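Here are my notes for you to go through with the model open.

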Amino acid sequence: MPTPLPASRRGFTLVEMMVALAIMGLAAVGILRFLIQGLNIYHYDQGRITVNKDIRSFTEELTTNAVYSNYFRIYPNFSSRSNTVGSVTTDAWVNDGQSGDFLLLIFADTDATTGKTTINRLIGYYRVPTAAGQSGPVRKFDVAISPAVDPTVTPIYSILNTNVPTSTANTNRQVLQLAQGLSNGTLFYNFYDRSVMVKGQIIEQGDQRRRAINTYNFTVSPRG
């Protein structure tokens, strides 16, 4: 009959090993869950910081450019610039009390010789056209018009088509990652043809479960 091994030299039984592995597995799952939660909190907080930074930057830039512009026009979107009825084509800008996704700031000078006001620069902010109610990036263009153009002779939509064609919708500089409008789903509201109310939400990716979102609402006015 073999001599039993001392207790100090006896190995683990299969049951003991399975229990130990189960405990280690539960501990690993708990640690992994804690790490994932920590990463989610970190990425969400970073998204919130980015959103607030984007709001400040966008507000300051748009306010400065608006103050130095002479007047503005708001269009339904970057592509909707004109309306054609029969053989007559006119600008498609929205009227007082209406809103759109494309804000055009117009810079003009008075010609010393003719006394006419001519356009010499255009700055535009627009949300890339998306399905109604969805978010989309906000892009910007800034173009000098040389020689300056008389808008009573050449309509603004024609000036846009020449200098900022619709094909550049997705290539102009992006100023906001994602935005969603609150004025009938659009960003820019025409307030008495004197001011622009910017109402929307800025969105960053955040974590895997939720996006970082903050609402902004401010008004800008050209100097006239």
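The points below run from the overall layout to single residues.

1. First, the ground rules. This is a predicted model, with local features needing pLDDT of at least 70 and side-chain atom pairs counting only at pLDDT 80 or more, while totals for chains, interfaces and linings use all residues. Numbering starts from 1 along each chain as its sequence is written, and side-chain values use heavy atoms, with hydrogens and water left out.

2. Layout. The protein chain has two helices and eleven strands; helices (H or I, at least four residues) and strands (E, at least two) are DSSP runs, numbered from the N terminus. Along the sequence the pattern reads α-β-β-β-β-β-β-β-α-β-β-β-β. Of its 224 residues, 37% count as buried, where buried means under 20% relative accessible area, exposed over 50%, and partly exposed in between (1.4 Å probe, protein chains only).

3. The largest pocket. About 180 Å³ of space lies in it. Here a pocket is an open set of points on a 1 Å grid over the protein atoms alone where a 1.4 Å probe fits, with protein on both sides within 12 Å along at least five of seven lines. Grid points are joined across faces, edges and corners, and the volume is the space filled by probe spheres set on the points.

4. Its lining. The largest pocket has 14 lining residues, meaning residues with an atom within 4 Å of a point. Tyr71, Phe72, Arg73, Asp193 and Arg194 lie nearest the centre of the pocket. Strand E1 (residues 71–75) gives the largest share, four residues. By type, the lining divides into six nonpolar, four polar and four charged; Ala, Val, Leu, Ile, Met, Phe, Trp, Tyr, Cys and Pro count as nonpolar, Asp, Glu, Lys and Arg as charged, and the others, Gly among them, as polar.

5. The loop between E9 and E10. Asp193, one of the residues nearest the pocket centre, sits in this loop and has a positive phi of about 60° although it is not a glycine. Tyr192 lies in the loop between strand E9 (188–191) and strand E10 (195–204), and its phi is near 60°. Tyr192 is partly exposed, because its relative accessible area is 48%. Most residues other than glycine have a negative phi.

6. Asp91, in strand E3 (residues 88–91). What does a buried Asp91 do without a salt bridge? (That would be a side-chain nitrogen of Lys or Arg within 4 Å of a carboxyl oxygen of Asp or Glu.) The nearest side chain of opposite charge, Arg73, is 6.8 Å away; Lys and Arg count as positive and Asp and Glu as negative, with His and the chain ends not counted. The Asp91 side chain does make a polar contact with the side chain of Tyr75 at 3.0 Å, and it reaches the backbone nitrogen of Ile156 at 3.3 Å. A polar contact is a pair of N or O atoms within 3.5 Å; within protein, one must be able to donate a hydrogen and the other to accept it, and residues adjacent in sequence count only if both atoms are side-chain atoms.

7. Strand E7. Lys140 is in strand E7 (residues 136–149) and counts as buried because its relative accessibility is 13%. Its side chain and that of Glu61 are joined by a polar contact of 2.8 Å. Pro147 is also found in E7, and the peptide bond to Pro147 from Ser146 is cis, with omega near 0°.
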